[in-house]
Amino acid sequence: MKRLIAMLLASVAAVMLIAYLDTGSGKRTDGIYYKATGIHPDAQLLEVNGETVTAEEYLYWLSYVCEYLNSMAGGQLDLNAPLNDTTTFGEYAKMDALNTVKLYAVTRAWAAENGMALTQEDQAALEAQRQQYVAYYGSEEAYLHQLELLGISGEMLHDIEATPYLYLHLHDAFVSPEGALYPGEEALAQFGSDKGYMTARLLYFGTTGMDDGEKGDVRIKAERYAEKMQQAADKNATFAQLEKELGLETNGAGLTFREETSDPEVCKAVAALEEGQVSGIIEGSNGYYVALRMPLNQQALLEDLFQEHLQEMKESAKIKYHNRLYHQIDTAEFYRRLTEERTTLLQGPMGQVPTLEPDAKSEEDMSKTTK
């Protein structure tokens with residue numbers, strides 16, 4: 001699930017309702033999460049819009065974030081060290097884990113609200129994934145030992161891996177004009193207008209790391225290509241030929257973007273063009289561009305509107321904490337003790353670092369929601 005974890009850079013300044021959960025402290029005492037924290041895996045650690053998130057699910061994600069950060073630090077991560085002026089790495093890991101459980105919870109809830117559940121094909125794919133794990137580790141016993149190292153039950157892993165399938169069903173129902181969640185052409189047009197979206201095909205000439213002389217040479221090259229485009233009778237065909245010469249691979253429908261998330265100079269230049277018109281040289285922040293303005297890509301708008309809608313649901317989610325349990329989690333201490341427990345288990349005959357990697361294509365798309 002590295003793709004999903006890599007995405008966890010979204011703001012955590014969500015609207016939250018902080019309250020105490022007086023019940024649901026759990027009973028289970030199995031697993032290395034319990035040994036590392038003293039918190040029962042089945043404890044109701046928090047609620048997201050009323051949906052329970054257990055300690056097992058949250059600590060799974062906290063462990064995963066810590067592993068990711070530690071790998072990025074070459075195995076020398078100090079979770080008590082400052083990430084910036086206000087946040088330590090440990091505090092950041094807790095917030096990232098919270099963001100993930102929020103995303104998964106609102107996805108499950110949104111699917112349930114619309115009567116969407118796993119299909120037989122989804123269940124078959126999940127079972128096939130499980131059998132791949134078993135085959136990879138050599139036996140059912142070895143696979144269960146990896147789950148023990150991971151700290152998670154098979155049932156919880158199934159629920160986590162099932163969520164991207166629900167996401168995919170939501171996505172398909174949203175972006176298809178025949179889908180139950182399709183927002184409608186009026187809402188789509190309003191979204192595109194409000195956000196200032198535009199579509200263009202772009203020839204790109206990179207200049208990163210170049211000195212002024214080298215940049216000058218690149219600019220001359222870009223000017224030649226701009227002139228070819230401007231003189232072409234069939235601009236789309238000429239664009240395809242020129243991008244092939246440059247070794248570029250772009251979508252024939254163009255790139256759909258807005259100034260808020262793109263190079264402002266490119267956006268300003270494209271916004272000044274009529275559909276079918278070619279720009280002169282556009283000097284961006286890391287190179288030169290030649291743009292061919294295209295009709296606004298409605299399908300690309302749908303994709304962005306879907307992501308924004310799910311992002312808004314995540315950010316506005318109301319959270320109730322089991323205050324005593326949640327706030328007693330010290331990330332550095334948790335990860336230290338978890339590592340010790342894993343080291344002990346790894347000394348056994350089947351010890352191997354847990355690396356379960358689900359292969360649901362919707363994982364990659366789902367990650368966009370937290371960017």
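Q: Why are α5 and α6 called roughly perpendicular to each other?
A: The axes of helix α5 (residues 120-137) and helix α6 (residues 140-150) cross at roughly 105°. Angles of 65 to 115 degrees count as roughly perpendicular (under 35 is roughly parallel, over 145 roughly antiparallel, the rest oblique), so α5 and α6 get that label. Axes here are lines fitted to C-alpha atoms, for helices over the stretch in contact, with angles from 0 to 180 degrees between N-to-C directions.

Q: What kind of model is this?
A: It's a predicted model, where local features need pLDDT of at least 70, side-chain atom pairs count only at pLDDT 80 or more, and totals for chains, interfaces and linings use all residues. Residues are numbered from 1 along each chain as its sequence is written, and side-chain values use heavy atoms, with hydrogens and water left out.

Q: Which residues make the contact of α5 and α6?
A: R130, Y133, V134 and Y137 of α5 meet E140, A142, Y143, L144 and Q146 of α6, where contact means heavy atoms within 4.5 Å. They split into 6 nonpolar, 1 polar and 2 charged.

Q: What makes α4 and α12 roughly perpendicular to each other?
A: Helix α4 (residues 89-113) and helix α12 (residues 298-315) pack at about 110°, axes 9 Å apart, and the label is therefore roughly perpendicular. On the α4 side the contact includes N99, L103 and W110, and on the α12 side F306, H309 and M313 are among the residues.

Q: How do you know how α9 and α10 are oriented to each other?
A: Helix α9 (residues 212-231) and helix α10 (residues 235-246) have axes that come within 9 Å and cross at roughly 155°. That puts them over the antiparallel cut-off, so they are roughly antiparallel to each other. Among the residues that meet are K221 and Y225 in α9, and F239 and L242 in α10. The contact divides into 5 nonpolar, 2 polar and 4 charged residues.

Q: Why is α3 said to be largely enclosed by the rest of the structure?
A: Buried means under 20% relative accessible area (exposed is over 50%, partly exposed in between; 1.4 Å probe, protein chains only). In α3, 14 of the 18 residues are buried, so the helix is largely enclosed. Across the 371 residues of the protein chain, 46% count as buried.

Q: How does the reach of α3 (residues 55-72) compare with what is expected?
A: From first C-alpha to last, α3 reaches 25 Å, close to the expected 26 Å; the expected span is 1.5 Å times one less than the number of residues.

Methods
Helix = DSSP H or I, 4+ residues; strand = E, 2+ residues; numbered from the N terminus. Nonpolar A, V, L, I, M, F, W, Y, C, P; charged D, E, K, R; others polar.
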